[in-house]
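Work through the exercises below with the sequence and the model in view. Each task is followed by its solution.

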Amino acid sequence: MASVISHPAVPFAIAVAFGSTRVSPALTVAACAVSVLPDLDAFGFIGGIPYQNLFGHRGFTHSLFFALLVAAAGTCFARKLGASPGVAFAVLFVSIASHGVLDALTTGGLGVAFFSPFSNRRYFFPWRVLTVSPIGICAFMSSWGLRVLKSELTWVWAPCAVAAVIGVAFRKLFRTA
């Protein structure tokens, strides 16, 4: 998996690119929270749920269907999040769906069940550039964790920063915010 530190890079980039008038601070916080939500399935290891199980790690909670459900539920809170239902849905959906996308770019695990619960087949992208993050804080505080951070700075944070800067430039160019 990509680390819990890097999954929020996508919602942060969206928030910066579109500006606080379109993506409120409250929506940004919610989007960051849902971006890490799929990894709650890692607690299944403690409960004895096998990795390859529908509800195992990178299973149902990493699927596009789960992202759709979470984003749809989030529209109920759109007003409290300071956004229209459509904006809340779009930002939340992209934020949570990006979790599986990032995990499918890693060098480890069994892949991501993008189409669960309809199919438990696991997928990786052919371009697997992210060093898989260890599960657990102690394992992350090692040379492995440093390799993870280096790959995520290169392949997650830098592209997200570029996207955010381009978004700001477009907003200033077209004076939309």
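**Exercise 1.** Find which residues of helix 1 and helix 5 meet.

Solution. Val10, Pro11 and Ile14 in helix 1 meet Val91, Val94, Ser95 and Ser98 in helix 5; contact means heavy atoms within 4.5 Å. Helices here are DSSP runs (H or I, at least four residues), numbered from the N terminus. The model is predicted: local features need pLDDT of at least 70, side-chain atom pairs count only at pLDDT 80 or more, and totals for chains, interfaces and linings use all residues. Residues are numbered from 1 along each chain as its sequence is written, and side-chain values use heavy atoms, with hydrogens and water left out.

**Exercise 2.** Describe how helix 1 and helix 5 are oriented.

Solution. Their axes, lines fitted to C-alpha atoms over the stretch in contact, come within 8 Å and cross at roughly 150°. Helix 1 is therefore roughly antiparallel to helix 5, the term for angles over 145 degrees on a scale from 0 to 180 degrees between N-to-C directions.

**Exercise 3.** Which residues does Val23 touch?

Solution. Leaving out residues up to four places away in sequence, Val23 touches Ile14, Ala15, Phe18, Thr28 and Val91.

Methods
Helix = DSSP H or I, 4+ residues; strand = E, 2+ residues; numbered from the N terminus. Parallel < 35°, antiparallel > 145°, perpendicular 65-115°, else oblique.
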